[in-house]
Every structure is written in C-alpha cells, then in structure tokens.
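Hi,

Here is the structure I said I would pass on. Have a look at it first, and then read my notes on charges and surface patches below.

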Amino acid sequence: MPHSALKLVPGVDQNRTPALNEAAISESQLIRFIPDRNGLGLPQKLGGWVRFFDNTISSIVRCLWAWSDINTIKHLAIGAEQSLNILTNGNLLTVTPRQTIANVAVSFNTTDGSDVVEIDDTGSNITMYDSVFIETQVSVGGLVLYGLYQCYAISANKYSILATDVLGNPQYATATVSTGGAVATFETASGSSLVEVVLADHGLVVGGNFVVFVSLTIGGITLQGNYNVTEVVDPDTFTIQASNSATSSAGPTSINSGDVRFLYYIALGPLPVGTGYGIGGYGMGGYGTGIPPQAEPGTAITNIEDWTLDNWGQILIANPYNEAIYTWDPATNQTVAAVIPQGPITNRGIFVAMPQRQIVAWGSTFNGIYDPLLIRWCEVEDYSIWIGNITNQAGSYRLPRGSEIVGGLQGPQQGLLWTDLALWAMQYTGPPFIYGFNEIGTGCGLIGRKAAGVLNGVVYWMSQSQFFQFAGDGVKPIMCPIWDVIFQDLDQDNLDKIRVAPNSRFNEISWYYPTTGSGEINKYVKYNATLNQWDYGTLARTAWINQSVFGPPIGAGTDQYLYQHEVGNNAGTSAMSSSFQTGYFALNEADVKQFVDQVWPDMKWGDFGGTQAANVLITFYTADYAGQTPIAYGPFTLTQATTFVTPRFRARLMSIKIESNDIDSFWRLGNIRYRSQIDGKF
C-alpha cells in the first residue's frame, strides 16, 4: 500500500471553506507557528503562563506599564477600573487619585494689584500638595476665576491660589475684596434660544466662548459645554446661544443656588505632619506650618473606563480616560498620585514623546470641555508648563479632519495619532512650531483606543474592517485569512476594550477582543510577522505589556490575576488545551474512495533537553461530500513510543485534529504519514 505525508501549509485560514482549505489549518486554539529553513511554519503548542502576582487586583485591569527607577528598582503600574496600583518588590501599593466635590459658599479675598486670591473654605482640609478645580466661574475683585489651581498658603479653613487666564498668564485684581465674590446667573425668555448671563467683569467679546461645566436646566433649556457669545450688553452682562428655545421665561438663577462647585484633587505629600519650612511658594506660609493632619482625605476616583500610562524618567505619568494627568514619584513616600495642576483637566489619552521629553495629550482641552481633535503638549523637560510662548516649546494643535482622535502612541522616530478615519504623524521640528502634523494614511482609522502597537519597529493596528501596518514604505493593509472570525463577531458596543499584545520574543502581535454580546474580552487573533500568517483562539487578556524590565510579556486576565507569558507549558496552574484542525485533504479525485489503515506519528514530544512525554490526541474526520456532517474516528493517543495507529476508514475527504490537554507538556508537529489504497466508489 502506498504512503503519503500530511504536509501542512502554515497559518490558519477561516475565510475558505474546509474543502477549499486543503492541506491547511482551518481552526486553532493556543498554538503558534515556528519558521523553518524552508520558509514554512511548523505548528506547535503555545508557550505557557504563570501568575506574576499571587493576589487578584481589586477590579478589571485595563492598562499595564513597567519601568525602572534611578536605583534600578523595577515598578509595574496597574491601571484598573477602580484603582491605580504600583507593584514593587512584591508589594502592591494603591495610589489611586483622590477627589472631593463640594458646593462652597462664595467667600473670596483679593488685594488690589495682586494675583493671589485667598479662599475661605471651611472643612476643605487642603494641603500644599493639593489642587482645586473651580467648576463654576467666580467674579471677585475684577477677576474671573475658573479652572484648575495649585493650592498654597494653607491655614485653618483657608488656602490661596494664583489667578491666571485660560492661557496661564497671571491676572491681577483691580480691587480689594474681603469675603466677597459672585457666581454667574442665567435668565431665559420664552420662545428664545438666547440666554442672558450676568457675571461681573466677564471680559468676553462677541464670538468668544463661555463654558458651562456644571449642568444647569432653566426654562426648558439644559446648559452644559461651550457656548458662543452672541452679544455683550455691558461689562457685567452678555448673552449666549443655546441649542434649543426656552419653553418658559425663567431666572435669574445660578448653578448650585449661588454656591461655587469645587473639585478638589487630593495628593498626599511626602512630608510628615508638622515639619518643613512653610507651605507653598517662597514667602507663602510660615516656618514650621507643616501639613494639617489628615487620613486618606477625598474619595478615590472609580468607574474608570481606561488608563494611559507612561514614565517621565523614574516618574510615572498616569491619565485616567477623560480625566486630568497625574504623577507618582517612587523617590517619595507619596501615597496618592498627584495631579499636574498646570495641565489640561480633561484628556482621552497621553504618551511621553521623543526625542524631546514632552507629555503629549490628545482629546484634550483648554477650558475643561473635551475637544475631540485637540492635541496639547508640555514644555521640553518640564511638565508644569503647558502654555506655549516664545520662550518654551509647549503648545497645541487641532487636527483639521476626522471626528475624534481615537488613540496615539510614540512610534519609531515620531508620534502617531489615529482618528476614526486616518493616521497622522506628529514629527518634532523644533521652534517655532515645535511639531509638524501630516496625514499619512486615510481610510485606516483605529477601531479602539488600545488597538495599535509597535513590534520590532513596525506599527500595527486594527481598523474598522481590516488590519494595517506602517513602516518605512508607508501604510499598508495586511491580508487577513481569518477575517470572518473577528470582523463578523465583534461586540460593537465594546470596541474600546480591544487590546493589542505585541510579543517580540516570537515576532507575533495579537489582538484580544470581545465577541458579539459578550461585553468583555474573550477571544484573540494573532499575526506572525515573520511568516505573514495568522491564527486565533479563546483567551482573555484585558491589558498587556511586551518584553519589559520584568522579562517576558505580562497580561491581565478577566479573573483579575496578572500572568507572565512564555513561562513553562501550562495555562497558569492548569493544563493548557491546545489544538488545531485542518481543512479537508482530498484523498482521491472524482468519486473514488480511499481506505486508510495506518497513520505514523512524527512530532517533538517535549522541550529540548527535557522529558519527551507529551500525550497528543489525533482525531480523523471523514466525509464523501463537502457539505456532509463528518464521521469522527478517534481520538487516538500518540506518544513518543507510538509507532502507528490504525483508524481504518474509507472516504473521499479527510480532516485531522491535533490536540493536547496534559500538564507540563510541549509538542511540535513533524511529518505525519499515512498508508492508504483505493477502495471503490461507494
């Protein structure tokens, strides 16, 4: 009887039918392909993983970042839905930013000619490390205060801020006021979309913008966001254009019934209580004033959709999605991440740019209201400066096309930003413009904010209906023979949960994604950049970092454990269930059947130098016609000692499935052969 070899084409193809996908793999689970010298890919079991940390994280992890400080101590930042954690030397420190929202009676103090404003705020318990976001405009002493301010000169129930405009320029009071100030009032007229606003010394002009940060409903109109100033009645009165007409005349009324709404950003500092030379800037605070006693003030921010993390030297830079930018310095005993008070208060994401060290924020703001196409960046080597002028390199730019910036990263040689429609390059040019922006690819927008990554100098990303790569030869689509598996089964309501996962050890890049109706990540697709081949399977990783200071890649599971990959051969503490199934082999042409009575296994049965003890199962599926339900023969157990198995079947079409589910095993497919002969037509 003649013998034939089961020589497989590398990669997985799900777009083809099993009959068309002859001598190739149609289904896979937890496998990979290793290149051989003939340019083919040998299927083998995927590398294993072990718990990186013994305990679970308190909520689903959405972002990981690893770095080393100047003392070569390694840190792993863990951005979860309910917390920000730092894992150092096996210890997990929770440094989640803390905030408090309060409605406070207007009681501000100014001195004519000074930019210092003192605020009476009973019970605020503010320290020199804290910041306050004044969410409702306050007019006092010729100043209009709104935005994020660092707190200084702390004393009982009082603290001071330095008045600035939206561009960070100092503003000076024109009158001395004691325990005064007023918030804006609003008034509507029935049938009109114009709203009259009274705010003393507002300083606005026709065509300018007025921000309503805290929602207010008056006369059937709900106000929140940026509004165009249509008329300036006098220095204290102006009108804005609402999006609909009032159903009644109402007002005048103010947000929070005349109080000011404050958002406190709490940052417990490194100094112990009762020590230090004063508080705040030079001359602000007396000797030995120290920090007022407090124990975990404020409330940790929760319900965080996502994080972007990076490091500024040894300092962690953290941005909760749609929030301010925070820092954590391992050189201090800082127990809460501290806000950057000069930075934008709202951002969809950040990265640290090179070659000049600058924080780049996208989906950012100047006034607290999210601008979907706005990019801002800080001064070179100084993240406390965000307003550009002729003496620094801070700045901003608004992309002219697209509806929103979806994601961004520091790529090879340049920053990269994806809108929903295109890819933009952000190249450092130096003064006066600092950065140049060019649209380098269209029709290749990003499907989710964490769907782009870098592997060995090439940028890969998942778009709305295909995959792309960007290297020296520009933006190119990647052929995807498992298109049906992913793009026909995506949970369209949770696209921003998609996570890219580069693995430079094997030149692979994966995307973990949620399937229709799942609500959470449960599947993956994987691309081997060396072979230009794909595979797929079931595994959930909600966050990922490539090879780092901690060694092999680390991923976060939906079980809230952290796992280090490419370690051992098991799925954590359990055996790994790995498998693949081929398309149909046509055993003979036309209507002639073939009889197969022996199959001779050939595999690697263990790691190099290790025990060759893998137990591999092989199952044969046969059919006479492509649409028939196949008949299964097996599974047969294969070991290194197995000389042959005898399935004894007759058919026109044959598919094989290779699988394993034993502990501590490894295998790689070799040249399996089978013995067969013609055995009639029917």
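**Surface patches**

Glu187, Glu196, Asp201, Glu231, Asp234 and Asp236 together make a negative surface patch. A patch here takes in residues with over 30% relative accessible area and no salt bridge, with like charges joined within 9 Å and nonpolar side chains (Val, Leu, Ile, Met, Phe, Trp, Tyr) within 5 Å. Asp and Glu count as negative, Lys and Arg as positive, and His and the chain ends are not counted. Each charge is placed at NZ of Lys, CZ of Arg, CG of Asp or CD of Glu. The areas come from the Shrake-Rupley method with a 1.4 Å probe, and for residues only the protein chains shown count as cover.

Before going on, a word on the source: this is a predicted model, where local features need pLDDT of at least 70 and side-chain atom pairs count only at pLDDT 80 or more, while totals for chains, interfaces and linings use all residues. Residues are numbered from 1 along each chain as its sequence is written, and side-chain values use heavy atoms, with hydrogens and water left out.

Strands (E, at least two residues) and helices (H or I, at least four) are DSSP runs, numbered from the N terminus. Glu231 has a relative accessible area of 42%, so it is partly exposed; buried means under 20%, exposed over 50%, and partly exposed in between (1.4 Å probe, protein chains only).

There is a nonpolar patch too, about 250 Å², made by Val166, Leu167 and Phe366. Leu167 sits in the loop between strand E17 (158-162) and strand E18 (177-180), and at 42% relative accessibility Leu167 is partly exposed.

**Salt bridges**

Side chains of opposite charge can pair when their charged atoms come close. The cut-off for a salt bridge is a side-chain nitrogen of Lys or Arg within 4 Å of a carboxyl oxygen of Asp or Glu. How many salt bridges does that rule give? The count is 22. Here are some that you can find in the model:

- Asp120 pairs with Lys158, with 3.7 Å between the closest N and O atoms. This links distant parts of the chain, 38 residues apart: Asp120 is in strand E13 (residues 116-120) and Lys158 in strand E17. Asp120 is buried at 16%, whereas Lys158 is partly exposed at 31%.
- Arg357 meets Glu381 at 2.6 Å, N to O. Arg357 is in the loop between strand E32 (349-353) and E33, and Glu381 in the loop between E34 and strand E35 (395-398), so the pair ties together parts that are 24 residues apart in sequence. Arg357 is partly exposed at 22%, and so is Glu381 at 47%. Arg357 also has Val380 at 5.5 Å, C-alpha to C-alpha, although 23 residues separate the two in sequence.
- Glu508 pairs with Lys526, the closest N and O atoms being 3.8 Å apart. Glu508 is buried at 2%, and Lys526 is buried at 5%.

Glu305, Asp306, Arg449, Lys450, Asp496 and Arg499 are linked in a network of salt bridges.

Last, take a look at Asp371, in the loop between strand E33 (358-362) and strand E34 (374-377). Is Asp371 buried or exposed? Asp371 is buried, because its relative accessibility is 19%. Its side chain makes a polar contact of 3.1 Å with the side chain of Arg398. A polar contact is a pair of N or O atoms within 3.5 Å; within protein, one must be able to donate a hydrogen and the other to accept it, and residues adjacent in sequence count only if both atoms are side-chain atoms.

Cheers
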